[in-house]
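Here are my notes from an afternoon with this model.

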Amino acid sequence: MKILITGSAGFVGKNLFNYLKNEHEVYGISRRNGETTTHQCDITSVELASLLSSINPDVIIHSAALANVDYCEEHKDEAWTTNVQGTLNLVKWSFINKKKIIYISTDYVYAGETNNYNENSETNPINFYGITKLAAEKVVSILPNFLILRPTGIFGYDKGGNNFFMQMLNLKSKRIIVTDQIGNPIDVLVLCEYVKRSIDKNIRGIYNATGPETIDRFNFASIVADVFTINKNLLQPGKTSDLGQKASRPLSNGTNSSKLRSVLDYKCPSLRESLENHKKIMENDMS
């Protein structure tokens with residue numbers, strides 16, 4: 001199958017590219033060049049449609065986004081243009097050409113009040129990033145054939161990267177880690193497996209695509225510290241309100257992804273198992 005990944009130079013995009021390239025003909029577009037970018041292009045540009053036609057993918061995996069939550073809150077026009085208008089550009093071409101989009105959304109479409117959110121739960125984002133992602137979901141759902149996946153807290157070894165897991169590995173001084181942000185962090189490789197199986201089974205609709213364990217950020221960081229022998233004294237428990245962030249965060253945002261795992265017939269590894277696997281990947285990379 002011919003697959004195009006948007007945001008292919010980003011953390012999720014490059015992992016998807018490398019995960020799928022041995023079984024499919026994979027192309028990557030991104031504003032930034034890189035090993036997993038076959039075509040440098042912005043999804044908001046006028047050149048996008050002609051590029052899509054020249055590649056003519058069977059499936060578009062749309063992972064490109066302006067994802068810095070506080071930046072989106074302060075740069076709303078830019079966030080809307082990238083996250084919603086860029087998505088609309090992809091949808092227009094896909095609708096005309098009868099193609100499928102797999103959209104990588106977020107659990108930030110939920111308000112974070114009750115935990116255990118499932119696909120039937122009300123969506124009510126409390127920051128502008130979440131608003132743009134939900135708007136983009138509605139655009140994607142116009143298509144006859146679409147899949148929307150809602151991950152959160154995507155982590156994994158990423159040399160030079162800055163996901164929360166990598167921030168913990170690079171911790172050199174004391175840092176406040178919040179105890180009141182609860183979610184279901186997902187291993188980036190598990191997310192890639194979700195996508196791979198979703199393509200194989202051609203599933204459609206909207207699914208939570210998160211990890212199996214509901215946990216707060218401080219306890220997640222503590223497990224990382226255990227596995228990677230990080231000084232736990234550097235982890236200072238605190239509240240989200242202590243951080244002075246521009247955008248509100250959904251706090252009790254635990255999600256239930258059992259529907260997706262059942263449809264895909266997949267039992268994902270535990271949080272600790274995923275971390276142990278990334279430890280081996282990191283050790284191999286350094287050897």
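**Cavity.** I looked up the lining of the largest cavity first, and found F155, P185, I186, D187, V190, G211, P212, C268, P269, S270, L271 and S274. A cavity here is a set of points on a 1 Å grid over the protein atoms alone where a 1.4 Å probe fits but cannot get out, and lining residues have an atom within 4 Å of a point.

By class, I get 8 nonpolar lining residues, 3 polar and 1 charged. Ala, Val, Leu, Ile, Met, Phe, Trp, Tyr, Cys and Pro count as nonpolar, Asp, Glu, Lys and Arg as charged, and the others, Gly among them, as polar. β10 (186–187) and α10 (271–286) each give at least two residues to the lining. These elements are DSSP runs numbered from the N terminus: helices are H or I of at least four residues, strands E of at least two.

**Ground rules.** I am reading a predicted model, where local features need pLDDT of at least 70 and side-chain atom pairs count only at pLDDT 80 or more, while totals for chains, interfaces and linings use all residues. Residues are numbered from 1 along each chain as its sequence is written, and side-chain values use heavy atoms, leaving out hydrogens and water.

**Core.** Which residues touch the most other members of the largest nonpolar core? Of its 29 residues, they are I61, I102, L149, Y194, V195 and L260. Such a core is a set of buried (under 20% relative accessible area, 1.4 Å probe, protein chains only) Ala, Val, Leu, Ile, Met, Phe, Trp, Tyr and Cys residues joined through side-chain atoms within 4.5 Å. α7 gives the most to this core, with 7 residues.

I then followed Y194. Beyond four places in sequence, Y194 is in contact (heavy atoms within 4.5 Å) with I186, A209, T210, L260, R261, L264, Y266 and C268.

**Sheet.** I traced an open sheet of 7 strands, in the order β3-β2-β1-β4-β5-β6-β11, with parallel pairing. Strands pair if DSSP finds at least two bridges between them. The edges are β3 (39–40) and β11 (205–208), each pairing on one side only. β4 and β5 run parallel over 4 bridges, and H62 has Y103 in β5 as its bridge partner.

Note on methods: On a 1 Å grid over the protein atoms alone, a cavity is a set of points where a 1.4 Å probe fits but cannot get out, and a pocket is an open set with protein on both sides within 12 Å along at least five of seven lines; lining residues have an atom within 4 Å of a point. Buried means under 20% relative accessible area, exposed over 50%, partly exposed in between (1.4 Å probe, protein chains only).
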